[in-house]
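Trainee: I am new to this structure. Could we go through it one question at a time?

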Amino acid sequence: LRALRKRDIISSKDVDCLAKRYTDVSPDYALRRLQRKGVLQRLKNGPRGLYVVADGKNGAFITDPIKAVQAVCGEEVVFSYGTALLLYGLSRYGRLTEYHVVSKSKRKQRTVGGFNIRFVKTPLLKETGIVTKHHGPGSVRITDLERTLIDAIHRPKYAQGWENVVHALNRAEGVRGSRMIEYVKQYRTPSLVSRVGLVLQRYAEKWKVAEKEIDSLRPYLPKIPEIGRASWRERG
């Protein structure tokens with residue numbers, strides 16, 4: 001039980017390994033017994049063979065949704081949008097109701113342990129701007145800081161709204177403006193270029209972004225400037 005309760009979710013394969021290591025009974029018997037005693041509960045709407053581990057106090061409660069998403073989607077899953085803001089410590093919220101991951105195609109969301117996994121297809125290639133970050137005893141794959149901020153500006157509804165996006169922008173440190181410029185050109189969305197240009201102008205001193213770098217976005221701007229967004233495009 002001590003070995004089991006070090007995790008939130010476990011596969012039947014891992015239960016087999018623990019049963020062989022710590023008991024003299026068959027893995028199938030150990031699995032049935034643990035389910036009858038309420039130590040393991042099937043993961044609702046998750047892949048077959050995954051179980052939530054009860055902690056003895058709160059029942060079968062997932063304390064680390066990030067690990068749960070990895071259990072459902074695989075260790076190679078890439079976290080993005082509001083979930084990435086959370087992992088960078090830039091979100092106003094400590095726990096989410098939706099956890100966002102990068103997807104190559106449109107997929108229906110999945111409900112796991114009281115929260116949703118939302119698969120979001122983004123304009124950038126899946127492997128563009130992906131880094132590995134320590135999380136608990138393991139690690140997670142996540143969009144890098146610059147791509148995360150652009151994604152949040154692009155689709156704030158996936159980042160818990162504009163208030164949370166502005167909160168993240170104000171807190172973000174060490175942002176590489178040149179990388180944001182490189183990425184946003186690949187989105188091929190003029191209105192997004194306009195928004196990112198304004199953000200870069202606003203935080204140019206803090207993020208050490210040169211005016212010449214921001215001006216390189218001019219050819220990617222909307223042909224008709226958006227209301228209130230012409231200032232930096234037309235300055236000089």
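Mentor: We begin with a definition: two rings of Phe, Tyr or Trp, with the six-membered ring used for Trp, form a pair if their centres lie within 6.5 Å. Planes under 30 degrees apart count as stacked, over 60 as edge-to-face and the rest as tilted. Keep in mind that this is a predicted model.

Trainee: How many aromatic pairs does the structure hold?

Mentor: A pair of aromatic rings is described by the distance of the centres and the angle of the planes. With the cut-off of 6.5 Å between centres, the number of aromatic pairs in the structure is three.

Trainee: Which class does the pair of Y81 and Y158 belong to?

Mentor: The ring centres of Y81 and Y158 are 5.5 Å apart, and their planes stand at 80°. An angle over 60 degrees falls in one class, so the pair of Y81 and Y158 is edge-to-face.

Trainee: How many residues apart in sequence are the parts that Y81 and Y158 tie together?

Mentor: Y81 lies in helix 4, residues 81-87. Y158 lies in the loop between helix 5 and helix 6. Both Y81 and Y158 are buried. The pair therefore ties together parts whose separation in sequence is 77 residues.

Trainee: What is the angle between the planes of Y99 and F115?

Mentor: Y99 and F115 also form an aromatic pair, with 5.1 Å from centre to centre. The pair is edge-to-face, a class that needs an angle over 60 degrees. The angle between the planes of Y99 and F115 is 65°.

Trainee: Which strands hold Y99 and F115, and is Y99 buried or exposed?

Mentor: Y99 lies in strand 5 and F115 in strand 7 (residues 115-121), so the pair ties together parts 16 residues apart in sequence. F115 has a relative accessible area of 2% and is buried. Y99 is at 2% relative accessibility, which means that Y99 counts as buried.

Trainee: Strand 5 also holds S103. With which residues is S103 in contact, leaving aside its neighbours within four places in sequence?

Mentor: S103 is part of strand 5, residues 98-103. Its relative accessibility is 7%, so S103 counts as buried. With neighbours within four places left out, the contacts of S103 are F119, V120, K121 and T122.

Trainee: Moving to the helices, how is helix 5 oriented to helix 6?

Mentor: Two packed helices are described by the angle between their axes and the distance between the axes. The axes of helix 5 (residues 145-154) and helix 6 (residues 162-171) come within 10 Å and cross at roughly 150°. Angles over 145 degrees share one name, so helix 5 is roughly antiparallel to helix 6.

Trainee: What is the handedness of that crossing, and which residues make the contact?

Mentor: The crossing of helix 5 and helix 6 is left-handed. By class, their contact has six nonpolar, no polar and no charged residues. Helix 5 contributes L149, A152 and I153, and helix 6 contributes W162, V165 and L169.

Trainee: Which residues make the contact of helix 5 with helix 8?

Mentor: Helix 5 passes helix 8 in a right-handed crossing. By class, the contact has five nonpolar, one polar and one charged residues. On helix 5 the contact is made by I150, I153 and H154, and on helix 8 by L192, R195, V196 and V199.

Trainee: Is R188 buried or exposed?

Mentor: R188 is in the loop between helix 7 (177-187) and helix 8. R188 has a positive phi of about 55° although it is not a glycine. Its relative accessible area is 75%, and a value over 50% settles the class, so R188 is exposed.

Trainee: What is the phi of K208?

Mentor: K208 is in the loop between helix 9 (204-207) and helix 10 (211-215). K208 is exposed, with a relative accessible area of 72%. K208 is not a glycine, yet its phi is positive, at about 60°.

How values were computed: Residues numbered from 1 in each chain as written. Predicted model: local features only at pLDDT ≥ 70, side-chain atom pairs only at ≥ 80, totals over all residues. Heavy atoms only, no water. Axes fitted to C-alpha atoms, helices over the stretch in contact; angles between N-to-C directions. Helix = DSSP H or I, 4+ residues; strand = E, 2+ residues; numbered from the N terminus. Parallel < 35°, antiparallel > 145°, perpendicular 65-115°, else oblique. Left-handed = near helix turned anticlockwise from the far one by under 90°. Contact = heavy atoms within 4.5 Å. Nonpolar A, V, L, I, M, F, W, Y, C, P; charged D, E, K, R; others polar. Buried < 20%, exposed > 50% of the residue type's maximum accessible area, 1.4 Å probe, protein only.
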